[in-house]
Amino acid sequence: MAFQLRDLDETQAPLLDHLIELRTRLLRCVVALAIAFAVCLYFADDIFGFLVRPLTLAFPEGQGKLIYTQLYEAFFVELKVALFAAFFISFPVIANQLWAFVAPGLYAREKKAFLPFLIATPILFLAGAALAYYVVMPTAFRWFLGFEGTVGGLDIEALPGTGNYLSLVMQFILAFGISFLLPVLLLLLNRAGIVTRAQLVAARRYVIVAVVTVAAIVTPPDPGSQLILAVPLLLLFEGSLLLMRFSERKAAPDDEERDEPDEITEG
């Protein structure tokens, strides 16, 4: 049997039933997150070892180290690592539960319109996170470590703390991952009729300024890291405009067919 998207459910459940269903689905999300957290906590050292790899490669071989200045800091770092990883692992379950709650209230054409965005969101986020991990973080960390040396007869040595390092890594991954969702946001606004392609084209110069400003805020102050974020964002913006053009061309014939008057047949 072919996969079909049905229109609005015919049942009209009372508000209490909707609240009960919402509670059930939220509980499933919490359970999925808790199970993922327990598993990730067991492997917290391995996960943190993966996150610390860019810093390890930035240091000269055998010279890098992480420190903690508070007795409980290392323990809370493991909790944060486990929770951070658990959210990514449980996200498919959370997204599925939210979609299952919202989907019955949508028409089939609305479901078809939203499904590509649901698929594109994790892909684009992972692409941004991968760019941050494999390109930006190693580049930025080598630039940071370049400040080591001697000033006024005193040695300057980098001794990053575990908590501060984890916060920096999370900032990088979230900033790049969320920034790469720009096409999803623009296309949703376009589908909703809030913005048009012509308006975005006219505002291109302002978008460029905004992208460069965001890149300067969420990345380290070196120009290399800022360009690594700004250039992909500008390419994603232009790609969004291209997709809007294809969508408008596809929708134009359908609009013309709806506007044509029905032929009058003579008896």
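Predicted model: local features only at pLDDT ≥ 70, side-chain atom pairs only at ≥ 80, totals over all residues.
Let me begin with a term: a residue is called buried when its relative accessible area is under 20%, exposed when that area is over 50%, and partly exposed in between, with a 1.4 Å probe and protein chains only. By that cut-off Asn190 counts as buried, because its relative accessibility is 16%. Asn190 sits in helix α7, and, leaving aside residues up to four places away in sequence, it touches Val195, Thr196, Arg197, Met244 and Glu248, where contact means heavy atoms within 4.5 Å.

Residues are numbered from 1 along each chain as its sequence is written, and side-chain values use heavy atoms, with hydrogens and water left out.

Now the chain as a whole. It has 10 helices and two strands, taken as DSSP runs numbered from the N terminus (H or I over at least four residues for helices, E over at least two for strands). Of its 267 residues, 30% count as buried, and among contacts between residues at least 6 apart in sequence, 83% join residues at least 24 apart.

Turning to the interior, a nonpolar core here is a set of buried Ala, Val, Leu, Ile, Met, Phe, Trp, Tyr and Cys residues joined through side-chain atoms within 4.5 Å. The largest such core has 43 residues, and those with the most contacts inside it include Met137, Phe141, Tyr165 and Phe172. Its largest share, 11 residues, comes from α5.

Which residues of α5 and α6 make the contact between these helices? On the α5 side they include Met137 and Phe141, and on the α6 side Tyr165 and Phe172. The two axes come within 7 Å and cross at roughly 135°, as lines fitted to C-alpha atoms over the stretch in contact, with angles running from 0 to 180 degrees between N-to-C directions. The helices are therefore oblique to each other, given that angles under 35 degrees count as roughly parallel, over 145 as roughly antiparallel, 65 to 115 as roughly perpendicular and the rest as oblique. The residues of this contact divide into 18 nonpolar, two polar and no charged, with Ala, Val, Leu, Ile, Met, Phe, Trp, Tyr, Cys and Pro counted as nonpolar, Asp, Glu, Lys and Arg as charged, and the others, Gly among them, as polar.
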